[in-house]
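Take a walk through this model, one local feature at a time. Keep the sequence at hand as you go.

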Amino acid sequence: MSEASAIRTITCMAGTSVGSGQLAVSQPSTDAQPLTQDDIDFYWANGYLFVENAVDAGQLAAMIADFDAWTEESRRHIEPYGDTLAGRARFDLAPEHAADAPRLRRVASPVEVSDAYLAVMRNNRALDAVTQLIGPNVEFNNSKINAKQPGASTEVKYHQDFMFQPHTNEDLVTCLFFLDDVTLENGPLNVVAGTHRDELWAHWHDGVYTGAVAAEVQAAHVSDAIPVYGPAGSACLMHTRLLHGSAPNRSDHPRTLFISEYRAEDSKPLQENHLPSVYQAEVVRGERTNRVRCSSYEMEFPEVPTGASFFSQQAKA
Ligand SMILES: O=C(O)CCC(=O)C(=O)O
């Protein structure tokens, strides 16, 4: 396995083990600055980085407890429910959802309804790494939970996060925190290394915004995709332009991710947030500078979703 195609494992606390099939190539540095220069170079070359122990055991347990409570509550619903700032449902249900087999697949902006998620959004070890990558001044953009229960059909078609909300520059990092152990079987995130330096592929097709690249773009890259898996409490850091997707959960174990998006404070949104919250644009590291920085690119503005989550947009693909 070459370095470019391997999963690079950053261990934030000394003494933790490395999952099978993964390459440990980094020694931990300090807690506040967990990345070595090699790690930083790997991120900019490949567009992603796997971080073990991104949250501590207490943070993980608190997030799981709240998600379990929401799953219980979902048994009483047959369609998406709950309110968000956007006026869309907060809790989204997969088509297979039933009271005796709950299939809660998305919670929009969990930071607004859970102290546990809010605390993790504001402070976690992956955020320390993000600050090394795009800091020193970092803002929160948005958050969600994506869950795949055993046997649920939920899959994520290949896309680039930047195509959901353009900004003046591309220094945005998506942090995907593993609430469950992620394995090759339970629908891991699949990333295509290096595509953050490739083109911005259209997510509109025949006048329809599908939130996904064209089928032929996905087909051309899917064989290069790298599954990112590892123990609960880990996180994958992903460049906003990186092409990625994930398959349905074919195992007996759930796969739940808390996804929190951060941006450099001088990267200003050019369109409304597709997952707005009262915490958007909160400075989580460093300070506000009142500066804007622009990079050069072209794209079509995305469609702001009208359904409970982007799964309804991707269903049009
Ligand atoms: O849930 C996943 O596996 C990927 C999530 C993702 O790419 C997204 O929600 O943008």
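S109 counts as buried, because it has 24 C-beta neighbours inside 10 Å. Buried means 20 or more other C-beta atoms within 10 Å of a residue's own, exposed means 12 or fewer, and partly exposed lies in between, with C-beta atoms placed from the backbone. S109 sits in the loop between β5 (104–108) and α3 (115–122). Its phi is positive, about 45 degrees, although S109 is not a glycine.

This is a predicted model: local features need pLDDT of at least 70, side-chain atom pairs count only at pLDDT 80 or more, and totals for chains, interfaces and linings use all residues. Residues are numbered from 1 along each chain as its sequence is written. Helices (H or I, at least four residues) and strands (E, at least two) are DSSP runs, numbered from the N terminus.

Now go to N53. N53 is in the loop between β2 (48–52) and α2 (57–74). Phi of N53 is positive, near 50 degrees, and the residue is not glycine. N53 is buried, because 24 other C-beta atoms lie within 10 Å.

Next comes a peptide bond. The one from G135 to P136 is cis, with omega near 15 degrees. P136 belongs to the loop between α4 (125–134) and β6 (138–148).

Last, the ligand. Around it are N146, V156, D161, L189, H244, S246, L257 and I259. β14 (244–246) and β15 (255–264) each give two or more residues to this shell. A residue is near a molecule if its C-beta atom, placed from the backbone, lies within 6 Å of it. The shell divides into 4 nonpolar, 3 polar and 1 charged. Ala, Val, Leu, Ile, Met, Phe, Trp, Tyr, Cys and Pro count as nonpolar, Asp, Glu, Lys and Arg as charged, and the others, Gly among them, as polar.
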